[in-house]
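User: Could you take a close look at one part of this protein with me? I am new to this, so please go through it step by step.

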Amino acid sequence: MTSAIPLVNPTVMGKGMNLMTAPRRAKPMRTRRRPAIIVATILEDVTGQPGALPLLEHALLELWRRRSGGLLTLAAYRESGGVQGAIAKRADEELQGLDPEQQKLARRTFLRLTQPGEGTEDTRRRAPLRELGTMDSGPEVSVVLGRLVEARLVTTSRDGADGDDVVEVAHEA
């Protein structure tokens with residue numbers, strides 16, 4: 001049994017190109033040179049990558065944030081870190097925007113949302129919101145979590161089993 005299914009494989013690459021350029025045809029977006037270069041680069045970055053959809057979403061969001069006068073460029077995509085690096089760059093930028101105490105709280109939050117691997121890679125874990133509220137920080141937890149949710153670095157939801165609010169890292173990157 002395969003542990004992960006690739007998002008994009010070579011046989012559907014042409015379809016991926018169409019999916020990414022169709023919105024551009026609906027509302028014109030200017031691109032330097034040909035949009036196919038940016039699209040091809042992005043598709044190359046996700047081809048064969050398991051779990052790439054959330055990373056692709058984040059990379060496209062960062063590309064959009066870095067547009068210049070409605071212009072999407074390959075340079076902006078690369079500046080964002082691309083599919084593999086965009087989320088790490090966003091996390092670093094968000095941490096820099098916090099004061100030192102909030103930075104410590106954000107780091108502790110990410111540690112609480114990580115399950116250490118025993119001989120394997122670390123993975124994300126869901127934690128009840130009440131667990132994060134016990135980090136001796138009072139209302140600052142809500143402020144920091146709000147910033148992390150807004151930056152799409154963590155997500156919150158309600159656990160169906162017991163109805164508790166839970167928090168988890170949005171992407172394992």
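The part I would like to look at is strand β7 and the strands around it.

Analyst: Happy to! Keep in mind that this is a predicted model.

Let's start with the overall layout. The open sheet is made of three strands, ordered β5-β7-β6, and their pairing is antiparallel.

Now let's go to β7, which covers residues 165–169. Four of its five residues are buried, so the strand is largely enclosed by the rest of the structure. Buried here stands for a relative accessible area under 20%.

Next, look at the β5 side. Strand β5 spans residues 127–128 and runs antiparallel to β7, with two bridges joining them. You can find both places by residue: Ala127 has Val167 of β7 as its bridge partner, and Pro128 stands opposite Val166 of β7.

Then turn to the β6 side. Strand β6, residues 154–158, pairs with β7 over five bridges, again in the antiparallel sense. One place to look for is Arg158, whose bridge partner in β7 is Asp165.

Definitions and conventions. Residues are numbered from 1 along each chain as its sequence is written. This is a predicted model: local features need pLDDT of at least 70, side-chain atom pairs count only at pLDDT 80 or more; totals for chains, interfaces and linings use all residues. Side-chain values use heavy atoms; hydrogens and water are left out. Buried means under 20% relative accessible area, exposed over 50%, partly exposed in between (1.4 Å probe, protein chains only). Two strands pair if DSSP finds at least two bridges between them.
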